[in-house]
Each structure stands twice: as C-alpha cells, then as structure tokens.
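This report walks through a two-chain structure, one part at a time. The sequence and the structure come first, and the reading follows.

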Amino acid sequence: MLSMKNISKVFKTDLVETHALRDFNLEVAEGEFVAVTGPSGSGKTTFLNIAGLLEGFTQGDYFLDGVNISNMSDNKSAAIRNEKIGFIFQGFNLIPDLNLAENVEVPLRYRGFNAKERKRRVQKALEQVGLAARMKHLPSQLSGGQQQRVAIARALAGEPRFLLADEPTGNLDSMMARQVMELLEDINKAGTTIIMVTHDAELARRAQRNIQIVDGQVCDFTMYQSGEGHQGGERASEKPHLVTESHVSLNQDKVAS
Amino acid sequence: MLQIKPILSTLMRNKSGPILLLIQIILSVAIVANASFIISERIALMDRDSGTAEDQVFNFRLYTFDTNIDLESQIQRDIRAIRDLPGVIDASTTSMVPLSGGGWSSGYTVGSSEETAKDTEGAAIYYGDEHIVNSLGVELIEGRNFYEEEILTGSPDLATHGIVSKAFAKETWGDEPAIGQIMYAGDFGEMPIKIIGVVDKLQGAWVNSSYLDNSVILNIQLVNVFTKVLVRAEVGTLAQLKEAIPATLHKDNRNRVIEGFTLISEHRKRVYRNHELMATVLSMMVVLLLLITSLGLAGMVMFNIERRTKQIGTRRALGAKKRDIISFFLVENYIICLVGGVIGGFVAVLLGQQLMSLYSLPQLDLIYPLMTVAGLIVLTTIAVILPARKAARISPAIATRSV
C-alpha cells in the first residue's frame with residue numbers, strides 16, 4: 001500500500017541545513033493500522049506530510065498504491081490526495097463558515113461529483129459518525145469531539161484507500177478521545193489503512209503496529225494484538241534500523257509500560 | 001469547479017467586509033457610469049466637424065481709422081493684395097468666424113403664402129463675397145457659388161442670394177430641394193433671399209448653441225471701419241503670413257490696426273477648453289475611483305488570504321488544485337462585483353435622472369452602466385488574480401501546522 005525507500009527530506013536556509021528525515025524506510029500493508037510516535041522534532045509531521053503528498057522529499061522513492069510519487073506534478077498530487085487519502089487533523093481544520101454538510105462536501109466538490117452523489121456521500125459519512133441530524137449546524141456549535149467526528153466524516157466521504165491522522169485526539173478529553181479512537185478502529189476494521197501520528201502511548205498501543213521515529217529515522221516495532229482487546233497485547237520488536245540512546249530509552253519506556 | 005453555493009454561504013456568514021466592498025462598488029459603478037457618459041458626451045461635442053479647413057483657415061481683425069479714404073475700395077484692394085501673397089489659397093471679408101464665439105445670427109421667414117409662413121430655426125449668418133466658400137474651405141454639394149456680379153456691398157438688408165448649410169436646408173425644407181427656395185429676412189414678402197447653393201457642413205460661432213450646424217452665407221461684402229478677414233492658406237504658413245499681411249496692407253495705408261491672427265483650430269481649442277477640462281477632471285476621477293475600487297478588491301483578497309491561510313492549506317490537502325484556489329477567490333469577488341454592479345447600475349440610472357433634471361444633461365445611455373460593470377469584471381480579475389495566485393502557492397502542508 002505504502003512503500004518508502006531511503007526517503008530524505010532536507011530543509012535548507014542560507015545558513016542551516018536541517019535533515020528532517022534521513023534514509024527513511026517504511027512499508028505499510030493494505031488494511032494495517034499503524035501508529036507513529038516519537039519525540040517532538042523527530043520528523044513525525046514531516047513523515048506525515050510526505051506520506052500524505054502534502055510536501056515533497058529530497059531523495060528516495062515513495063510508492064503509494066503502486067504509483068511512484070517522486071516528481072509528481074502538483075495537479076496529480078492533488079488528485080491522489082483527493083481520491084486515495086483521507087486526512088484527519090489535530091485541530092480538526094473544519095471551515096468555520098460552512099455547515100457540517102458543506103464541510104464534508106468540500107473534497108467531494110474537488111472530485112467533481114454531481115450534487116446528488118455529493119448529497120448521498122455526505123449523508124452516509126455523517127451517519128457513520130453519528131452526526132447526520134446536525135448537518136446544518138456550524139462547527140462552532142459542536143463540541144471538540146463532535147468536530148473531530150465531522151473531520152473524520154469529511155475524510156471518509158471520499159472513500160479513501162487510507163487515512164492519515166495527525167494527533168486525532170490531541171485536542172480532546174479522554175472520553176472524547178476514546179470515542180474517536182473507537183471510530184478509527186471501526187473504520188480500519190472495514191478495510192481502510194490508517195496511519196496515525198500520536199504522542200499518546202496508550203492510543204499507539206491500540207494500533208496493530210507502532211513505528212517510532214527518532215532523529216528523522218524509523219525504528220520499526222510491530223505490535224501484535226490478541227483477541228478483541230487492544231490493551232496488553234503481545235508485542236515483539238523487530239530489529240531496529242537505528243539505535244540511539246534516546247531511542248533506546250524510549251523503547252525501554254514503551255516495553256516497561 | 002465554481003463552488004458558488006459554499007462561497008455564498010461564506011459570504012453570508014461574513015457580511016461586514018463584503019458589504020463595505022459592495023457599497024464601494026455600487027458607488028463606483030454609479031459615478032463611473034455617469035462620469036463616462038458625460039465624458040463621452042463632451043468628447044462627441046468636441047469632435048463635431050465645423051465643416052471648414054480648420055488648420056488652413058485663419059482670421060484677423062482690421063481697424064481702419066482714416067476717414068478720408070474710400071473704405072469700400074480700400075477693403076477690395078486689401079483683399080486682392082492678400083490673395084496675391086505666397087501661400088494664400090483664398091481670402092474674403094466675413095461677418096463671423098466659425099467657433100469664435102461671436103458673430104451674427106437670425107431666423108428667417110419661409111412659406112408659400114402669408115398664411116402658411118413660418119419662422120425658421122436660428123442660423124449663423126456669414127456675409128461675404130464669391131470667395132468666402134473657398135476661403136472657409138467648405139464643400140458646396142448642391143447648386144452654385146455666388147457670381148461676382150451678385151455681390152453687393154454695404155447693408156446686410158440688401159442680401160438677395162444665399163447659400164445654406166445642409167442642416168439648415170433639411171430643417172427648413174425637409175426633403176424638398178433647397179435650391180430655388182425663397183426665404184425672407186423680415187416678415188413674409190420682405191427682403192427675399194433666393195437659395196442658390198448648399199454646403200455640406202458649416203458651423204456657426206457658438207458651440208453651445210442648439211443650432212450650431214445651421215448656417216447661411218449671404219452675398220454681402222460688409223464695409224465697416226472694423227473688418228473681419230478670413231484667409232485660407234497652406235498649412236504652416238500662418239507665422240510667415242502674420243508678418244507678410246500687415247506689411248503688405250501697411251504699404252497701402254499705414255493708418256490701420258491689424259491684429260488677432262487666429263486659426264479656426266485655435267478657436268476650437270479655446271471654445272472647447274471648459275469641455276476639455278471637464279472631460280479631463282472626470283477622466284481622472286474615473287481612473288481614481290477605479291484604482292481605489294481595485295485596491296479595495298485586492299486589499300480584501302489579501303486580507304482574506306491572510307485570514308484563511310490554514311483553510312487554504314486544508315483545501316489543498318483535501319484535493320484542491322491550484323486553479324481551484326484561484327477560482328475560489330475569483331468567483332467570490334465576481335459575485336460581489338456582479339451584485340454591486342447590478343445595484344450600482346440601478347443607482348447609476350437614478351443618478352443620471354437627477355443629473356438630467358438638474359443640469360439638462362441627456363438621458364444616461366444604458367450601455368454605460370453595462371460597460372462599467374464589464375470593465376469592473378476585468379478590473380476584478382486583474383486585482384484578484386495576483387493575490388489569488390499567491391494563495392494558490394500556499395503549501396498543503398500548512399494544514400498540519402499549528403498556525
């Protein structure tokens with residue numbers, strides 16, 4: 001589904017060169033639910049941006065659904081984002097002047113669907129997140145958790161192959177966060193591949209696989225889940241691509257929990 | 001993807017900025033449409049053809065103080081001497097000079113009997129000899145010029161033959177031929193004048209007159225101590241003739257004052273100066289208003305881009321192409337511009353009606369509000385496209401940043 005090989009991302013200014021990602025390798029299979037964790041400044045957001053075609057990379061190869069993303073035109077990238085990727089942002093990123101239905105409709109308009117098809121998909125997506133009855137409300141009339149559910153509905157409306165979630169529960173209290181997480185798990189069970197960036201170790205454990213990024217490089221740990229519960233599942237670590245002190249300490253911390 | 005419905009939703013939920021811009025556009029359309037109309041009216045007035053060879057024909061004034069001379073023969077000698085000067089095409093005395101702002105005018109009586117007699121519209125009167133048609137450079141399109149033997153000297157009341165402008169002929173006799181018609185300088189039957197020729201166009205002296213194109217040339221050479229002389233000469237010879245004419249005339253008799261050499265094209269500039277000034281001031285106002293409106297539009301777009309940076313990034317992340325972002329801002333401003341244009345068009349018509357009643361202006365032609373709105377759409381495109389292109393360059397990665 002997603003394959004990154006030796007991806008590097010360098011931000012250059014006149015004085016400084018910052019390596020946000022270096023020799024970054026990752027394979028994500030279809031239907032996986034992958035959590036991406038790492039300390040601040042480790043390159044999580046850069047990874048998410050590159051994975052979501054929100055920004056380019058300096059070196060390497062990136063294949064999404066078999067398509068080589070390298071040197072893709074802006075229009076083509078936009079079309080792939082629209083058709084194959086659903087985004088869920090930490091700050092929800094709903095458009096405050098549009099009601100819920102209009103917000104969910106935004107990516108569908110860019111896809112060129114007719115009004116009838118847009119209406120059908122908006123209805124279905126809002127029903128999926130339990131907000132169909134409030135489609136004429138403005139985002140400001142909803143709680144944070146409800147707003148994030150609208151954002152999820154917007155991401156789902158285009159029926160994407162995979163979802164990219166950037167700290168989807170970062171602005172929510174624990175109860176709301178749990179509801180959103182359950183929603184994401186349901187979506188994943190229905191077959192959508194999910195990559196979720198999070199700081200929340202507990203949420204990360206509920207994913208099938210946890211990837212840690214440190215200093216722009218990936219350290220890959222697979223977390224196997226047992227039974228229906230996501231807590232306390234057996235986990236086994238594969239060999240890491242990079243071991244640093246900070247990474248080791250993170251790793252130990254994770255194992256200890 | 002025009003996205004008109006969501007754009008309308010956005011506009012309806014953020015009314016203050018768009019309403020201010022709308023008011024600005026309404027006022028701009030109302031003022032620009034009327035100002036453009038007045039400018040074009042003024043330009044049309046200034047562009048009216050006098051019918052004469054304006055760059056060739058000039059006049060001067062000749063004052064003769066010597067009471068011991070035969071004035072009539074003096075004038076005839078003077079005119080002949082002028083005609084013989086190098087560069088001179090023709091010369092004649094005249095009662096008035098086209099576009100000069102001063103001269104003679106009168107109405108006449110026409111009709112086949114006392115009962116059916118009626119007054120004509122007013123007309124400028126040129127008294128002159130058989131050289132005046134050529135001296136003015138007007139085109140004789142029907143009939144003939146005066147014969148030398150038909151020219152009378154002295155009182156204007158002696159006139160027997162006339163050449164009229166086509167406009168006067170049309171207004172007086174309609175589709176009937178003007179040649180051979182009789183008009184009377186007094187009441188019916190008094191001082192008959194026979195029409196022997198029609199010139200294509202000859203304007204009078206007063207550019208604001210309602211009968212500017214009505215002119216009559218009569219077969220009288222005026223004999224006065226104060227004489228106006230028309231000279232038609234090769235283009236570019238005025239400076240030389242300004243010296244040659246006084247020198248020649250003073251050789252004959254020094255007791256004269258010769259002054260006021262002015263080309264008809266210079267008279268034109270002078271009499272239309274106020275019209276030109278008004279057209280210039282209004283043009284500057286129109287440009288200024290359009291500039292302010294386009295700055296308002298560009299400012300509003302830039303403000304909205306600044307305010308919606310994250311939203312634009314989010315739209316890009318959700319699949320908007322650069323052209324979708326550009327079209328979003330264009331459509332948003334086209335909507336404001338069109339609504340403002342339609343309301344502004346109505347206000348322009350109302351304003352035009354007020355101007356019509358207060359200042360006797362003609363009724364505003366609807367093409368002007370329509371053209372103003374069309375121009376405003378072009379202006380909107382220019383004012384919006386650059387900031388919108390800048391907005392389209394906002395990275396979709398902004399969606400994941402905490403800005």
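Strand 2 of chain B, residues 88-94, is mostly covered, with 5 of its 7 residues buried. The model is a predicted one. Strand 2 of chain B pairs with strand 14 of chain B, residues 226-233, in the antiparallel sense. The pairing runs over 6 bridges. Within strand 14 of chain B, Val231(B) is the residue opposite Ala91(B).

**The sheet of chain B**

These strands belong to an open sheet of 4 strands in chain B, ordered 2-14-1-15. The pairing is antiparallel. Strand 2 and strand 15 (256-263) of chain B are the edge strands, and each pairs on one side only. On average, neighbouring strands of this sheet are turned by 20° against each other, direction ignored.

Strand 1 of chain B, residues 57-64, runs antiparallel to strand 15 of chain B. These two are joined by 6 bridges. Asn59(B) faces Thr262(B) of strand 15 of chain B across the pairing. Helix 7 of chain B, residues 264-271, packs on the sheet and touches strand 1 and strand 15 of chain B. The direction of helix 7 makes about 70° with that of strand 15 of chain B. Helix 3 of chain B, residues 71-83, lies across strand 1, strand 2 and strand 14 of chain B. Helix 3 runs at about 160° to strand 2 of chain B.

**Helix 6 of chain B**

Helix 6 of chain B spans residues 238-252. Its 15 residues reach 21 Å from the first C-alpha to the last, close to the 21 Å expected at 1.5 Å a residue. Which residues of helix 6 of chain B are buried? They are Leu241(B), Ile245(B) and Leu249(B). They sit on the same side of helix 6 of chain B, because they cover an arc of only 50° around the axis. The face turned away from that buried side carries the exposed residues Ala239(B), Glu243(B), Ala247(B), His250(B) and Lys251(B). The buried residues of helix 6 of chain B pack against strand 1, helix 3, strand 2, strand 14 and strand 15 of chain B.

**Annotated spans of chain B**

An unreviewed UniProt entry annotates residues 55-245 of chain B as "domain: MacB-like periplasmic core". The unreviewed entry also carries the annotation "transmembrane region" for residues 277-305, 325-351 and 366-386 of chain B. The table gives end distances and secondary structure for some of these spans.

| Span in chain B | Distance between end C-alpha atoms | Helix | Strand |
|---|---|---|---|
| Residues 55-245 | 18 Å | 18% helix | 32% strand |
| Residues 277-305 | 41 Å | 100% helix | 0% strand |
| Residues 325-351 | 38 Å | 100% helix | 0% strand |

**Where the chains meet**

The contact takes 24 residues from chain B and 26 residues from chain A. On the side of chain B that touches chain A, the elements giving two or more residues are helix 1 (4-13), helix 9 (309-317) and helix 10 (322-359) of chain B. Helix 9 of chain B gives the most, with 6 residues.

**Chain A**

Chain A has 8 helices and 11 strands. Of its 257 residues, 48% are buried. Among contacts in chain A with a separation of 6 or more, 67% join residues 24 or more positions apart.

Chain A has an open sheet of 4 strands in the order 2-1-4-5, with antiparallel pairing. Strand 2 (17-28) and strand 5 (67-68) of chain A stand at the edges. Each has a single partner strand, so one side of each has no neighbour in the sheet. Strand 1 of chain A, residues 2-12, is joined to strand 2 of chain A by 8 bridges, and the two run antiparallel. Ile7(A) stands opposite Phe24(A) of strand 2 of chain A.

**Helix 6 of chain A**

Helix 6 of chain A covers residues 174-189. Its 16 residues should span 22 Å at 1.5 Å a residue, and its end C-alpha atoms are 22 Å apart, which agrees. The buried residues of helix 6 of chain A are Ala177(A), Val180(A), Met181(A), Leu183(A), Leu184(A), Ile187(A) and Asn188(A). Seen down the axis, these residues fall within an arc of 155°, so they line one face of helix 6 of chain A. On the other side of helix 6 of chain A, Met175(A), Glu182(A), Asp186(A) and Lys189(A) are exposed.

What do the buried residues of helix 6 of chain A pack against? Their partners are strand 3 (33-37), helix 5 (144-157), strand 7 (162-166), strand 8 (193-197) and helix 7 (201-205) of chain A. Just after helix 6 of chain A, Gly191(A) has a positive phi of about 115°.

Notes: Residues numbered from 1 in each chain as written. Chains lettered and ligands numbered in written order. Predicted model: local features only at pLDDT ≥ 70, side-chain atom pairs only at ≥ 80, totals over all residues. Buried ≥ 20, exposed ≤ 12 C-beta atoms within 10 Å, placed from the backbone. Pairing = 2+ DSSP bridges. Axes fitted to C-alpha atoms, helices over the stretch in contact; angles between N-to-C directions. Contact = placed C-beta atoms within 7 Å. UniProt positions renumbered as here; feature names shortened; annotations may be inferred. Expected span 1.5 Å × (residues − 1). Arc of directions from axis to C-beta.
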